[in-house]
Amino acid sequence: MPRILIICTTPFAGSMLAEGLKLSEGHVKMPYVTDIEVRAAEAGEFDAVRGVFSAAMMFEVTPDDLAQQLFEPERTLVAVDGGELIGTTLALTRNLSVPGAVVPAAHVTGVGVRATHRRRGVLSRLMSRQLREVPEAIAVLWASEPAIYGRFGYAAAAWGTSYEVDLHRVGPPTGPIRPGELGELTKDEALKELPRILGEMQRVRAGVSDRSELRWQKRLEDKPDDRGGRTALRIAVHRDETGTVDGYALWRGKMIWGPTGPAYEVNLEELVAPTATAYRVLWQHLLTMDLSAKLGYGYAAVDEPLLQLVSTPTALDRRVSESLWIRITDVQRALQERQYTVPLDVVLEVTDDLIEKNAGTFRLTASDSGVTCEPTDSPADLTLSTTELSAAYLGGRPLAEFAATGRVTEHTTGALNQATAAFRSPLAPVSVEVF
């Protein structure tokens, strides 16, 4: 959600400053802390909270009624110095898809510390308290400054792919599109249809966040000042044989003329198509736009099937980067809330330098009859920290990856391979938005 004295997460979020933390062998050591107060925000502090964050992210604050309605003061921590807000962090109430389930997850964002209050422990106090107090078993964020969040036990758990597509070269497959398959929705129609499709996507891939009705209104708000010189938001949908919407794409266009004529740009903001037909038809539609030369999309999975749909994959300029960072805040509950690919019976010795209840030895068992995770006195099969568990939690990173650097230690032969297979998910996790 750089060393210029700021820390933040959210749209292109994350933190912007290491905040002077001193680290030793993975421990978070509190730097010099003044009498700065850290407390929950009050309902009337929405503008002040936005002011701290907007200053950190260097954007201008504009009136936003929907954002104010979405404000959760009881889930917002603020740091106060002499009556002035100088730091913030928010935990949004949302659900996240994980392997085999959709679970509550604290969606952390809006983290900011004023440049005037750097190196005084403000970030440490805000983040540490937030992680200890959130009621969910996992916290999730986007990090624009990844080095910061590993210090609090967060780990990159999902990777995303950004595409810039040369539409003149890509060569999408051609074929007839039956009448009625494609259409467009108005905003009001979309508010009724799209939540169901996103919910279906949560059953297909881990890493997808849900949206309340109010959050959907915010997603489709489409203020002219927020369009970046592009057209109004277009809502393209695919309907199955019964006329039911089973996939959608949110996109905008931009008119550009080059020396040889039109070279329009297609900016795809979101594509959710859980069925194969909807996926193929929507992409065919987007890759064959008249007058267009380029398509950009920033929220694809690392195993995106798009490559299968084009005849010239080299026309897809790809860039892979970290997307979701996960922090397990309750080991027992988090491991019991997700499902596992194969049966598992393993004893984990877990360390956690920040949340005391997570440190201990747990027996994790998974079978067709259910999942349990309980404290045990049995000898450990694997030793690791909550950071490694967090990295593997969405099923996109193998536990065995961390054995190569000594961050996972195997005590019982075969335990690492068994746990690695059980934690992995058939499809890579993906997030379709920055929150």
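Me: Which residues of helix 3 are buried?

Reply: In helix 3, V122, L123, S124, L126, M127, S128, Q130 and L131 are buried. Buried means under 20% relative accessible area; exposed is over 50%, and partly exposed lies in between (1.4 Å probe, protein chains only). The model is predicted: local features need pLDDT of at least 70, side-chain atom pairs count only at pLDDT 80 or more, and totals for chains, interfaces and linings use all residues. Residues are numbered from 1 along each chain as its sequence is written, and side-chain values use heavy atoms, with hydrogens and water left out.

Me: What span is expected for helix 3, and what does helix 3 reach?

Reply: The expected span is 1.5 Å times one less than the number of residues. Helix 3 (residues 122-133) has twelve residues, and 16 Å is expected. From first C-alpha to last it reaches 17 Å, close to that value. The helix itself is a DSSP run of H or I with at least four residues; a strand is an E run of at least two, and both are numbered from the N terminus.

Me: Why is S54 called buried?

Reply: S54 counts as buried because its relative accessibility is 6%. S54 lies in helix 1 (residues 46-57). Leaving aside neighbours within four places in sequence, S54 is in contact with F59 and V61. Contact means heavy atoms within 4.5 Å.

Me: Why is A391 called buried?

Reply: A391 counts as buried because its relative accessibility is 1%. A391 sits in helix 9 (residues 386-392). Beyond neighbours within four places in sequence, A391 is in contact with A155, A156, A157, R397 and F402. Its C-alpha is separated by 13 Å from that of A206, 185 residues apart along the chain.

Me: What makes strand 22 a partner of strand 19?

Reply: Two strands pair if DSSP finds at least two bridges between them. Four bridges join strand 19 (residues 344-351) to strand 22, so the two pair. They run parallel, and T351 stands opposite S385. On strand 22 (residues 382-385), L382 and L384 point one way, T383 and S385 the other, and all are buried.

Me: How many bridges join strand 22 to strand 23?

Reply: Two, which run antiparallel as strands. T383 stands opposite T409 in strand 23.

Me: Which strands form the edges of the seven-stranded open sheet?

Reply: The order is 10-11-12-15-16-9-17, with mixed pairing. Strand 10 (182-184) and strand 17 (316-322) are the edges, since each pairs on one side only. The twist averages 25 degrees from one strand to the next.

Me: How do you know which part of the chain to read with care?

Reply: By pLDDT, the predictor's confidence in each residue, from 0 to 100. The chain mean is 91, and 91% of residues reach 70 or more. Over residues 1-32 the pLDDT is below 50. Where pLDDT is low, the predicted coordinates should not be read in detail.

Note on methods. Axes are lines fitted to C-alpha atoms, for helices over the stretch in contact, and angles run from 0 to 180 degrees between N-to-C directions.
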